[in-house]
Amino acid sequence: MEFHVSLVDRKDLTGEIYRQLRRAIVDGRLRPGEFLPPTRELARRLSVARTTVTVAYDRLASEGFVSARIGAGTFVNEHVSSSLNDPKRRLADGPLRARSIWDSIPLSTNFAAPAKFDFRTGLVDASLFPHDRWRRLLSRQLRSEIVSKGVYGDPGGHRGLREAIARYIGIARGVDASADDITIGSGTQQALDVVARTLLEPGDQVAVEDPGYHLVRWLFESLGLRVNGVPVDQDGLVVEALPRHARLVYVTPSHQYPLGVSMTLSRRRALLAWAEQNDAAIVEDDYDSEFRFEARPIEPLQTLDNNGRVIYVGSFSKTMLPTLRLGFLVTPPSIRPAVQRAKQVTDWHTSLPLQMALADFIDDGGFVRHVRKMRNIYRVRHSMITEGLTKEFADHLQPVPSTVGLHVAAVARTATVDEINAVARRASDAGVQVETLSRFAVQTPTKAGLVLGYGAISSTSIEEGLSRLRHCFVA
Ligand SMILES: Cc1ncc(COP(=O)(O)O)c(C=O)c1O
């Protein structure tokens with residue numbers, strides 16, 4: 001059957017082909033096993049360059065909608081629409097229709113049961129968290145007068161926590177902020193939502209790193225923003241490739257997610273200069289730089305910024321636990337009142353007992369002790385994995401140098417994206433969970449490779465996990 005794609009008056013041709021095919025897969029017009037038109041044929045029919053079509057196909061593949069088989073073509077994956085076309089699900093359908101954007105945003109499976117050898121990114125070792133101490137601090141706050149009064153709190157956050165964070169990031173990260181500059185929120189994700197609501201209108205252009213953090217890209221898309229993926233090289237985001245009209249640039253300069261590179265000082269300066277010339281805002285996501293194992297910490301963009309263009313975002317998901325949902329924003333004074341109003345309309349404020357318990361934990365030194373302990377533990381895991389990759393995987397993978405954070409990326413020497421996907425599938429069958437680099441592609445197909453997190457895998461399991469993964473390279 002000849003699948004119809006309409007490109008009349010469309011500007012983002014690749015994006016349009018991708019969206020129309022994805023919609024067809026999701027609503028069952030293209031069924032599991034069915035082949036997409038060959039790229040050459042579709043390009044000819046639509047009078048577009050072949051790469052316009054191949055990039056759209058690669059994006060569908062990286063998100064798991066389709067697979068390519070050499071010599072056969074690209075076909076719809078089995079699991080994709082079978083779950084979406086489940087008859088029970090159809091019966092549950094009512095007259096209300098969600099916006100189509102939600103069809104393209106998969107629900108996280110991060111909470112799924114972990115594999116025996118769990119190299120997923122974004123996780124921490126919760127078994128080493130001081131749970132008893134935290135329970136005591138929390139239960140004291142649950143009985144506190146503030147909580148028993150039952151009135152709402154300050155949308156900007158609990159004063160004591162804002163002061164504690166200002167002191168902590170001043171010392172640990174050199175971030176220049178007073179308690180007034182800080183707004184507490186439920187992690188990075190909400191911080192970005194609040195920033196976008198504060199600064200942007202639907203239709204505005206934003207720039208994100210490519211490859212990059214999907215959850216942020218999806219958030220921006222769901223708010224009706226036009227998302228541009230900007231390439232990343234060994235020095236960080238390629239500033240010359242930024243689209244001129246971007247109103248906001250989202251970056252992870254201390255430890256690029258997922259490649260792991262740190263943005264060089266000259267790139268950081270170039271980004272600040274670019275933002276000044278183009279009247280744009282920069283969001284600096286500093287999600288895991290507490291875990292730095294060598295070299296001097298890199299200076300945050302926030303510290304280098306003299307023009308009030310950088311919004312610094314911090315999270316307690318890596319230093320504490322992701323389940324707490326605690327993070328914060330440091331905003332320039334010009335937008336501070338609006339940010340706090342945006343936080344208020346979003347959810348009034350973040351849970352007060354949690355904020356107060358965290359303030360106590362930071363003030364009594366428990367937080368810094370925990371971070372120090374975990375840094376030493378993660379340092380060992382980081383070096384076991386980088387050494388293992390360098391020695392045992394030399395024929396297959398080249399690790400991306402990185403001395404910070406909770407994950408390491410490694411680029412495939414010769415394997416294609418499909419071959420690496422197959423390695424990851426075999427690994428999963430062998431009880432080893434790893435993420436593929438292509439999964440993080442935004443617009444451009446990413447190099448083939450793997451990303452290995454070590455937050456959730458103990459050092460005693462790393463060797464066996466890597467050894468099983470090594471065997472998966474041989475089909
Ligand atoms: C790039 C990046 N930023 C931030 C976070 C933390 O997000 P949150 O604070 O919403 O838990 C993560 C989690 O994995 C991440 O990968």
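**The ligand and the spaces around it**

A nitrogen atom of the ligand lies 2.6 Å from an N or O atom in the side chain of Asp285; a polar contact is a pair of N or O atoms within 3.5 Å. This is a predicted model, in which local features need pLDDT of at least 70 and side-chain atom pairs count only at pLDDT 80 or more, while totals for chains, interfaces and linings use all residues. Residues are numbered from 1 along each chain as its sequence is written, and side-chain values use heavy atoms, with hydrogens and water left out.

An oxygen atom of the ligand is 2.6 Å from an N or O atom in the side chain of Ser317. Taken alone, the ligand exposes 400 Å², and the protein buries 94% of that (areas by the Shrake-Rupley method with a 1.4 Å probe).

How many residues surround the ligand? There are 13, and the closest are Thr188, Asp285, Ser315, Ser317 and Arg325 (a residue is near a molecule if one of its heavy atoms lies within 4 Å of it). This shell divides into four nonpolar, six polar and three charged residues; here Ala, Val, Leu, Ile, Met, Phe, Trp, Tyr, Cys and Pro count as nonpolar, Asp, Glu, Lys and Arg as charged, and the others, Gly among them, as polar. Helix 9 (residues 187-199) gives the largest share of the shell, three residues (helices are DSSP runs of H or I with at least four residues, strands runs of E with at least two, numbered from the N terminus).

Now turn to the spaces. On a 1 Å grid over the protein atoms alone, a cavity is a set of points where a 1.4 Å probe fits but cannot get out, and a pocket is an open set with protein on both sides within 12 Å along at least five of seven lines; lining residues have an atom within 4 Å of a point. Grid points are joined across faces, edges and corners, and a volume is the space filled by probe spheres set on the points.

The second largest pocket has a volume of about 650 Å³. Its lining has 24 residues, with Asp12, Arg19, Leu225, Arg226 and Val227 nearest its centre. Helix 1 supplies the largest share of that lining, five residues. The lining divides into five nonpolar, seven polar and 12 charged residues.

The largest cavity has a volume of about 60 Å³. Its lining includes Tyr168, Asp286 and Ser315, and strand 10 gives the most to it, three residues.

Technical notes: Polar contact = N/O pair within 3.5 Å; in protein donor to acceptor, adjacent residues only side chain to side chain.
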